[in-house]
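Hi,

Here is the structure I promised to pass on. Please open it alongside this email; my notes follow below.

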Amino acid sequence: MNGGGNLVTDDVEKAEILNAFFASVFTDKVSSHTAVLGNTVWGEAELMQKSPPSLISLAGGAPNPNTFPFKMATITTGDGTAVNIGEDLMKRALQYSASAGIPELLSWLKDLQKSLHNPPTANYSPDQGQMEICVTTGSQEGLSKVFEMLINPGDNILLDAPTYPGTLAALRPLGCNIINVPSDQYGIIPKALKEILSRWSPEDVRKHNNIPKFLYTIPNGGNPTGTSLTTDRKKEIYQLARQYNFLVIEDDPYYFLQFDKPWAPTFLSMDVDGRVIRTDSFSKILSSGLRIGFLTGPKPLIDRVILHIQVSTMHTSTFTQLMIAQLLQQWGEKGFLEHVDRVVEFYRVQRDAMLAAADKWLKGLADWHAPAAGMFLWIKIKGVSDTQQLIMEKALQKEVLLVPGGAFNIDSSVPSSYVRASFSLSSPAQMDQAFQRLAELIKEAV
Ligand SMILES: Cc1ncc(COP(=O)(O)O)c(C=O)c1O
């Protein structure tokens, strides 16, 4: 870690502390992968990738792609771009590939991260926590592997619930102690975080005395709350992370669905220490079914995740990666961002239609805030202490479905007066009708 008020780094050799820090956050599970694989992230696919074409390899266990039935493909996009996968490329697409991701996609993504976030770590040495990237099978794979890498039973971790159930489900079996950090419509409240952290003394921090290992948050268009963290709050939270020496996991699948420009600076862009792990997703802008996401963070940690990928899925589908890489290379960053703009415009119209329907039917019956990103409206129903029964029993009879808020609580049996409405798939007319039905339901319930 760099200095700058970090309680741990003062007076101690920086590189030593960094290595000790990275080593201290790993769990035994990933260490055993390291033992099996000889502490290297280079497998056979990686070696082949680096070898000259004249190399004769009798080492490979890969099947012969000439026996595979698929020969070539042309995939046409809505804007008329044709992604061609000829015979040679198809052989590569159908073959095993490197666990970190195929090189052309990795280098495109690295350039994108540098251009969007300008991370201070981009020019650090590997030991200092240099920015590293790996491709994941959706951001969910990245998240779950990061959690497995970091958490030992009994560890404290911080997050702002209500939050994404996929995160809660990945965390629960790991036996960590989840500490809920209060939040409002601008995300985590730094003062509340500070208050929670004050139970650990500087001495506790120095001795790693069960201080929280990381803080997890969804900084833009939160799922389910639709809230976005303000820049000032991010800065304050990052300073607390430095002071108490914990990592920040920035789960940002709705980054590209921000309705206002300039887009908010990310934790990654502030990461002078190499303590931020960022999960990105192409699910909301290119395809959710293709399963493409990417992890960005300090090299010692990302390398560990790659080891885990090597022993689990081996890699994200090569075909998918090549298809995406071809498209991104043809588009360039400019074309990609133009596509993102078109997607954002679609969701903006959808959001506005949902807000109009809410204004028309739910005024006086419920409260909500207009989301600045994402695809969700988080609605607090007045006079209903638990929406579970309202939705699961009565709403279905009225032919309207929303997600009861309890599903997003750390303990899902804790009552919630909220519901989550998505403005992704319904037409404005359907949203209007749905909220008319919800309004009737609320009036009958209270
Ligand atoms: C906050 C959050 N994180 C992660 C994910 C997982 O996304 P992916 O499809 O990239 O795995 C989702 C999906 O909805 C999400 O809402």
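Strands β8 and β9 (residues 247-251) pair in the parallel sense, over four bridges. Bear in mind that this is a predicted model.

β8 has another partner. Two bridges join β8 to strand β4 (residues 156-159), and these strands also run parallel. Tyr 216 turns up here too: Tyr 216 in β8 is the bridge partner of Leu 159.

Now the side chains of β8, which covers residues 214-217. In a regular strand, side chains alternate between the two faces of the sheet. Phe 214 and Tyr 216 point one way. Leu 215 and Thr 217 point the other way. Are these residues buried or exposed? All of them are buried.

Next, a helix pair. Two packed helices are described by the angle between their axes and the distance between the axes. Helix α5 (residues 103-117) packs on helix α12 (residues 318-361) at about 30 degrees, with the axes 9 Å apart. Angles under 35 degrees count as roughly parallel, so α5 is roughly parallel to α12. The crossing of α5 past α12 is left-handed.

Which residues meet there? From α5, they are Glu 104, Leu 105, Trp 108, Asp 111, Leu 112 and Ser 115. From α12, they include Leu 322, Ile 324, Ala 325, Leu 328, Gly 332, Glu 333 and Phe 336. By class, the contact between α5 and α12 holds eight nonpolar, four polar and three charged residues.

Best wishes

Conventions:
Residues are numbered from 1 along each chain as its sequence is written. This is a predicted model: local features need pLDDT of at least 70, side-chain atom pairs count only at pLDDT 80 or more; totals for chains, interfaces and linings use all residues. Side-chain values use heavy atoms; hydrogens and water are left out. Axes are lines fitted to C-alpha atoms, for helices over the stretch in contact, and angles run from 0 to 180 degrees between N-to-C directions. Angles under 35 degrees count as roughly parallel, over 145 as roughly antiparallel, 65 to 115 as roughly perpendicular and the rest as oblique. A crossing is left-handed if the near helix is turned anticlockwise from the far one by less than a right angle, and right-handed if clockwise. Contact means heavy atoms within 4.5 Å. Ala, Val, Leu, Ile, Met, Phe, Trp, Tyr, Cys and Pro count as nonpolar, Asp, Glu, Lys and Arg as charged, and the others, Gly among them, as polar. Buried means under 20% relative accessible area, exposed over 50%, partly exposed in between (1.4 Å probe, protein chains only). Two strands pair if DSSP finds at least two bridges between them.
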